[in-house]
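Morning, everyone. Let's bring it up.

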Amino acid sequence: MASNKIQRSVFAVILCLALVAVAIWCLRKPQAPDRSGKNPGSTIPSITNPIANIPVPTPSTSASTSGQLQAMAASLRAATNAMSAHEQLEQLRAMLAAMPKDQAIALIRQFLDSKADADTHLGFKVGQGGLLDDAPTLRTFLLDELARLDPAAAADYSKTILQSKDSPDEWAVALRNLAWGDTSADGRTLLEQKTTEMLQYPPWQQNPSTGFLEAFDVAVYLGGTSLMPTLTSMLQQQNDPAISHASYLALDRLVINNPQTTLAGLLADPTSMQGHESTRADYFARADVSDPQQRQIVENYLLNPQISAAELNTFAGIFPNANYMISPNLLTQSQTPNHAALAARDAASLQAVQQWMTDPRFSQLQPELEQMQTRIAGYVQQETAAH
């Protein structure tokens, strides 16, 4: 009997120890997540605290993503052709688009702050809507991407770019971003100041990049007459046809967008177009004389004794000027009148010319007026016959 009691006691002790061991093992065993991937024992963020629901990237994740961008820069530097670079930039665009916007913006700013860069073997090509189809460098590409992601953030970083003259292409994109993302009075003042500063910067004038030439469109966007002296001065640069042509196009679009203000400014300073009188004739020939203000400006132009016979002859050969150049621009859209508007302008121009022919003030211009009457009457007859 005593032996049986001892055996039972030993068995009870062993059983108790086994149960304690099992309990300890169960407590230390990690709970497996359910099929949703959530740990049943974890704390669920409160719905009243939305910040707790926003996933914050861990330092290792941020470092990994930043490393990817640095690796992309290194890969671009090693690229030997534009096609390879274009494919890599498309991959980078997809990567940035897949990230939370704030994280993508922070990553771009971090890279731009590092001053690192890489050539893409691509040009500076403006697409529809003012965004770039191609960018010549990784930094220019990222500035363009910043505008796609957040115009306000892009405008804010533009002010950093515009503090130093590192790249005319970067300045062109930065000016566009500033115009898009900061429409305040202070933003517009800064935009005008920096545009003037850029266009007048000699080192960039001496070897103008495509971005530098595209930036002339910012002057068109700003409008008014404050940048006209800069544009007319650059129009007369004989040593660089590209700059002269960019100035010509900018002034032409200013005339198209705001003929009264621009033509009045040109008329007030006849010396501003010295050596380019035929170009000035092209500009004045764009006037729509069905508008009383524009007609008055044209009449003052025609009667101005400082206008040469050669310039008047150029005007007579093209008025009303209906030649338009269409291209995607950083900020402005090319405006072209439809057929009905052109027909109406021709009719109004013919009527004005016929009235000038009977006006004694224009007696010295009869040869030019007869030339205009014959040519414009032919346009009107063609349009009438077509309808």
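Start at N329, which is buried, with a relative accessible area of 4%. Buried means under 20% relative accessible area, exposed means over 50%, and partly exposed lies in between, with a 1.4 Å probe and protein chains only. Before going on, the ground rules: this is a predicted model, local features need pLDDT of at least 70, side-chain atom pairs count only at pLDDT 80 or more, and totals for chains, interfaces and linings use all residues. Residues are numbered from 1 along each chain as its sequence is written, and side-chain values use heavy atoms, with hydrogens and water left out.

Back to N329. This residue sits in the loop between α17 and α18. Helices here are DSSP runs of H or I with at least four residues, strands are runs of E with at least two, and numbering goes from the N terminus. What does N329 touch, leaving aside residues up to four places away in sequence? The list is V126, G130, D217, R253 and S334. A contact means heavy atoms within 4.5 Å. There is also a polar contact, at 3.2 Å, between the side chains of N329 and S327. For that term, I need a pair of N or O atoms within 3.5 Å; within protein, one must be able to donate a hydrogen and the other to accept it, and residues adjacent in sequence count only if both atoms are side-chain atoms.

P320 is in that loop too, between α17 and α18. The bond joining F319 and P320 is a cis peptide, with omega at about -5 degrees. Some background: most peptide bonds are trans, and most residues other than glycine have a negative phi.

K115 is not a glycine, yet its phi is positive, about 65 degrees. Is K115 buried or exposed? K115 counts as exposed, because its relative accessibility is 53%. H121 lies in the loop between α4 and β1 as well. Its phi is near 65 degrees, again positive in a residue other than glycine. H121 is partly exposed, because its relative accessible area is 37%.

Now α4 itself, residues 101-113. This helix has 13 residues and reaches 18 Å from first C-alpha to last, close to the 18 Å expected at 1.5 Å a residue. The expected span is 1.5 Å times one less than the number of residues. Buried residues in α4 include Q103, I105, L107 and F111.

Next, a helix pair. The axes of α3 (residues 82-98) and α5 (residues 138-149) come within 12 Å and cross at roughly 35 degrees. Axes are lines fitted to C-alpha atoms, for helices over the stretch in contact, and angles run from 0 to 180 degrees between N-to-C directions. The crossing is right-handed. From α3, L89, L92, R93 and L96 meet L138, F141, L142, E145 and R148 of α5. By class, the contact of α3 with α5 has 6 nonpolar, no polar and 3 charged residues.

On to α19, residues 366-386. This helix has 21 residues and reaches 30 Å from first C-alpha to last, close to the 30 Å expected at 1.5 Å a residue. Which residues of α19 are buried? They are E368, L369, M372, R375, I376, A377 and E383. They pack against α17 (309-318) and α18.

L365 is in the loop between α18 (339-357) and α19. L365 counts as buried, because its relative accessibility is 10%. L365 touches L302 and L312, not counting residues up to four places away in sequence.

By contrast, look at T183, in the loop between α7 (168-181) and α8 (185-199). T183 counts as exposed, because its relative accessibility is 68%. Its C-alpha is 9.7 Å from that of A155, 28 residues apart along the chain.

Last, the whole chain. It has 19 helices and 2 strands. Of the 387 residues, 42% are buried. Among contacts with a separation of 6 or more, 64% come from residues 24 or more positions apart.

Conventions: Left-handed = near helix turned anticlockwise from the far one by under 90°. Nonpolar A, V, L, I, M, F, W, Y, C, P; charged D, E, K, R; others polar.
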